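Me: I would like to go through some of the terms used for this structure and ask what each of them rests on.

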Amino acid sequence: MSQSNRKRHQYPRGALALMRGVYKYTIPETRNALNEWRAQAEAIPDEELRTQALASIRDKQFHCEGGTVYALADLPNRHILIPLIVSYQTISDYLDNLCDRSTSMDPDDFRLLHQSMLDAVDPEAVPVNYYALREEQDDGGYLRNLVTTCQELTRQLPGYASAKRQIQDLAGLYTDLQVYKHIKPELRETALLEWWSEHRHRTPQFRWNEFAAATGSTLGVFMLFLAASDEQLTEEQAVSIHTAYFPHVCALHIMLDYLIDQGEDRIEGDLNFCNYYENVETMLDRIAFIVEMARSDVQKIPGTAFHRMIIEGLIAIYLSDPKVSEQQEVRDVSKRLMKNSPITRVFFFIFSRWIRKHM
């Protein structure tokens, strides 16, 4: 990237510097932003919408706390980046709750709800009634406010025009996934396979479940938000960032999430992309392959050491989750993924366990 970009994006140097930044800046400011959305959620008139909005903030706060790590590379613009990442992730978590525990199984309803995520990353889009195809309607303006907040913040990113197309591509894939994974259980797999057949040329090294997992991550969008804080960002640079994150970094993020949620999803009857491997050995080999590909991909963009820390942090955070110890199979996979780990991964693993006990 340009000399200007290298000066602007001051990536944290080392794991300790990153953790200092997380505690000094991103966690406190993320929680402040979430508190504002929580206050709005509490005022939602419709009981079901209010319940799901509050549950998504309560149960998925760590998604926002993880995402805002990207703001550490441009602290002078964190007043834009942190509320933008929090607002966008809050839409994602809220809609995931609404669709997971939905009173509807209508794919058109799910697509209209997720139009809000496409509108949120298009500063020119005009918000619509995203609830038009469902029974629950009155959220007191909650979802529209989330969308317009994202739009206002993207307008303040000087390089957004160069990143917009790549962000829209990822948001579009994310929307498709959310529609297909939430429809009637007997229709899900067929719909996902048909969708994959349209896109498989983009990720020929992937199985269908791995491609689907890659589309479910918001990390690529967050990295592009950060890139767009540089006024000299070019479209070519935005393409290289998109390529570095999608599919491997994004797939790793979601496969780890599904790995630790297998027991929970079995009980709830929810789709889990880790259940489509022939055996545990194959699953382990595929996740290990995705880790190596992700580590290789981020070498091609500035801030490689930072992106490698993101990868090691993802592995550590998910594998240190208490859910791992409750599932024998997952515990075995975790031990093997942690074997011969780089020191950074071990550091984040120990730190993540400490955080869970003390925060």
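This is a predicted model: local features need pLDDT of at least 70, side-chain atom pairs count only at pLDDT 80 or more; totals for chains, interfaces and linings use all residues.

Reply: Residues are numbered from 1 along each chain as its sequence is written, and side-chain values use heavy atoms, with hydrogens and water left out.

Me: Why is α6 called roughly antiparallel to α8?

Reply: Helix α6 (residues 107-120) and helix α8 (residues 160-182) pack at an angle of about 155°, with their axes 9 Å apart. Angles over 145 degrees, on a scale from 0 to 180 between N-to-C directions, count as roughly antiparallel, and therefore α6 is roughly antiparallel to α8.

Me: Which residues of α6 make the contact with α8?

Reply: On the α6 side they are P107, F110, R111, H114, M117 and L118, where contact means heavy atoms within 4.5 Å.

Me: How do you know that α10 is largely enclosed by the rest of the structure?

Reply: Buried means under 20% relative accessible area, with a 1.4 Å probe and protein chains only. Eight of the eight residues of helix α10 (residues 208-215) are buried, so α10 is largely enclosed. Among these buried residues are W208, E210 and F211, and the buried residues of α10 pack against α8, α9 (185-199), α13 (248-260) and α15 (280-297).

Me: What separates domain 1 and domain 2, and how many residues are in contact?

Reply: The domain assignment of the chain, which is automatic or from a database, gives domain 1 (16-156) and domain 2 (159-358). Their centres, taken over C-alpha atoms, are separated by 20 Å, and 33 residues of domain 1 are in contact with 36 residues of domain 2.

Key: Helices (H or I, at least four residues) and strands (E, at least two) are DSSP runs, numbered from the N terminus. Angles under 35 degrees count as roughly parallel, over 145 as roughly antiparallel, 65 to 115 as roughly perpendicular and the rest as oblique. Buried means under 20% relative accessible area, exposed over 50%, partly exposed in between (1.4 Å probe, protein chains only).
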